[in-house]
Amino acid sequence: MEGGPATVLVVDDSPTKRYLLVSWLSRAGFAVLEAESGGEALARVGVDPIDLVVLDVRLPDLNGFEVCERIKAAHPAMPVIHVSAHAVDVVDRAQGLTRGADAYLAEPIEPEELVATSHAVLRYYRARQRAELLAERLLGLADTTVAVHSAPSFARLLEAAAAGAARIFKSPAAVIAETFDGDCIAGVASGPDATAVVRPWVVDDTGVPTGTTVRVDEPTGWGLVDWPTGDTVTVAAARLREDRAPLYVVVPTATQTARTPVLVQLAQAVAAAVEAQRSFDEEHRIAVTLQRSLLPRRVPEVNGLDMAVRYEPASAQTEVGGDFYELVMLDGHLLLAIGDVAGHSLHAATVMAELRHAVRAYAVEGHQPGEILHRVNELMRTLLPDELATICVLLLHPPSGRVRLASAGHLPPALSIDGKVEFVQHSAPLLGVRAPRPPDLEFVLPAGATLVFYTDGLIERRDSTIDDGLAALAGVASRVDADLDRFCERLLVELAPPEIHDDVAVVALRRR
């Protein structure tokens, strides 16, 4: 970040004295600019790239002490050396230093002393600038580390990393990583105030070792963003495990200091967050796979009935839930069940599997829906005393359309007939609670009518009531597509949120 000679602005109204000061500093290797008055000096300090001001105390327009104060107010990190051609007393020296000057040289000024003082104050300020820059970057690193570890998804993580890198280095930045599924994507920010975006990007990982390495590349190989003209890019590659693809953080080389400490720390922090996200995605995938394996593998084909099912697990950042459904023909009757175990965890999914198998077992024994739920409830209260669940069980005789239905605290199925929707209410306590249960609900499902069973993930929202959700469902279910699969898909598209935070199960049943 540093290079070339320091630039000194010499401010003195005496041409002779100014000539001497400029000559001494030029011979010492400094680049020198000149000003004859305090006003000209203040104008140049705000425009020209100046590292040090050598300032006469007595100027024709402004007092040198005042000029110094103004320079320091606008540029606290710019060093100022006062020079005076007049004999000065202690009060003048004290005033100059008190009002912001970093050194005070009086006649007779020796060239060696001027040059040595200039180097000394520049060393101090450059050390101070490096320290302040490092402190600012470390603060940005801390903020970015928190942001990437709290990101709700892989894409948001890379966006947070790219935005953080752009703010830390005040430049364009890109962060590239591989998802659990093996897709290589990049978070890109075109500048410190730009919104980060995610896009696909493929990197050749050949030869990248385990650990963190830093290299300088030509920007043409990283054409994700418009890099500064005439500069290379510095690439930090962090590979935490041999079996994982590396993570890359790419920034302009001009932003980097010796040994690139903050860039290395940033790459390691983001790589750790990526690894945690990958592990979570992998665990979630395993849990969802297990959960799906516990559900029916296919929808039975039954004369006189159309059936369709949609099951959407919660988004990758959410734990699996306990939603389940059952569709099976038993002794000429269709057993349909849908339920939801309280909680979101792999444990809830395993409880769901136990309840589903219990419902099937009691149905095979020939029990009616209410008795099935009574027996499942006794089983739960004995073997799973701390669990709660809702469930709706239906037995349907396809030729006649006769239905027996029992619910245990589950949301009411929607009955859609000729564009009109009503909810089949059967109020009863949920499973896990000792309480009397009402008799089964019996009715005939007319030809052409459709029953829609669902779990609460379809209609529940944090910002609306259950009644609002039921009304929305009634509106969508008033039109049933000829293709029930398409109908179920439309229910999810129009009712479920873009990112599903709770499992959603939908079963549609139509009698021809």
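Predicted model: local features only at pLDDT ≥ 70, side-chain atom pairs only at ≥ 80, totals over all residues.
Residues are numbered from 1 along each chain as its sequence is written, and side-chain values use heavy atoms, with hydrogens and water left out. Helices (H or I, at least four residues) and strands (E, at least two) are DSSP runs, numbered from the N terminus.

**The parallel sheet**

- Five strands make up an open sheet with parallel pairing, in the order E2-E1-E3-E4-E5, where two strands pair if DSSP finds at least two bridges between them.
- Strand E2 (31-35) and strand E5 (103-106) are the edge strands, each pairing on one side only.
- On average, neighbouring strands of this sheet are turned by 20° against each other, direction ignored; axes are lines fitted to C-alpha atoms, for helices over the stretch in contact, and angles run from 0 to 180 degrees between N-to-C directions.
- E1 pairs in the parallel sense with E2 over five bridges and with E3 over four bridges; Val10 has Glu34 as its bridge partner in E2 and stands opposite Val54 in E3.
- Strand E4 (residues 80-84) pairs with E5 in the parallel sense over four bridges, and Ser84 has Ala106 as its bridge partner in E5.

- E1 is mostly covered, as five of its five residues are buried, buried meaning under 20% relative accessible area, exposed over 50% and partly exposed in between (1.4 Å probe, protein chains only).
- In a regular strand the side chains alternate between the two faces of the sheet.
- From E1, Thr7, Leu9 and Val11 point one way and Val8 and Val10 the other way, and all are buried.
- A right-handed β-α-β unit is made by E1, helix H1 (residues 15-27) and E2; right-handed means that, with the strands pointing away from the viewer, the path from the first strand over the helix to the second runs clockwise.

**Helices on the sheet**

- Helix H2 (residues 38-45) lies across strand E1 (7-11), E2 and strand E3 (52-56), and runs at about 135° to E2.
- Helix H3 (residues 64-74) packs on the sheet and touches E3, E4 and E5, its direction making about 175° with that of E4; contact means heavy atoms within 4.5 Å.

**Gly100 and the cysteines**

- Gly100 is placed in the loop between helix H4 (90-98) and E5, and at 22% relative accessibility it counts as partly exposed.
- Leaving aside residues up to four places away in sequence, Gly100 touches Cys68 and Lys72, and Cys68 is buried with a relative accessible area of 0%.
- With a disulfide taken as a pair of cysteine sulfur atoms within 2.5 Å, the count comes to zero disulfides.
- Cys488 is in no disulfide, the nearest cysteine sulfur, that of Cys392, being 16 Å away.

**Aromatic pairs**

- The structure holds three aromatic pairs, where rings of Phe, Tyr and Trp (its six-membered ring) pair if their centres lie within 6.5 Å, and planes under 30 degrees apart count as stacked, over 60 as edge-to-face and the rest as tilted.
- One of them is tilted, because the rings of Trp222 and Tyr248 have their centres 5.6 Å apart and their planes at 55°.
- Tyr311 and Tyr325 form a tilted pair, at 6.4 Å centre to centre with 45° between the planes.
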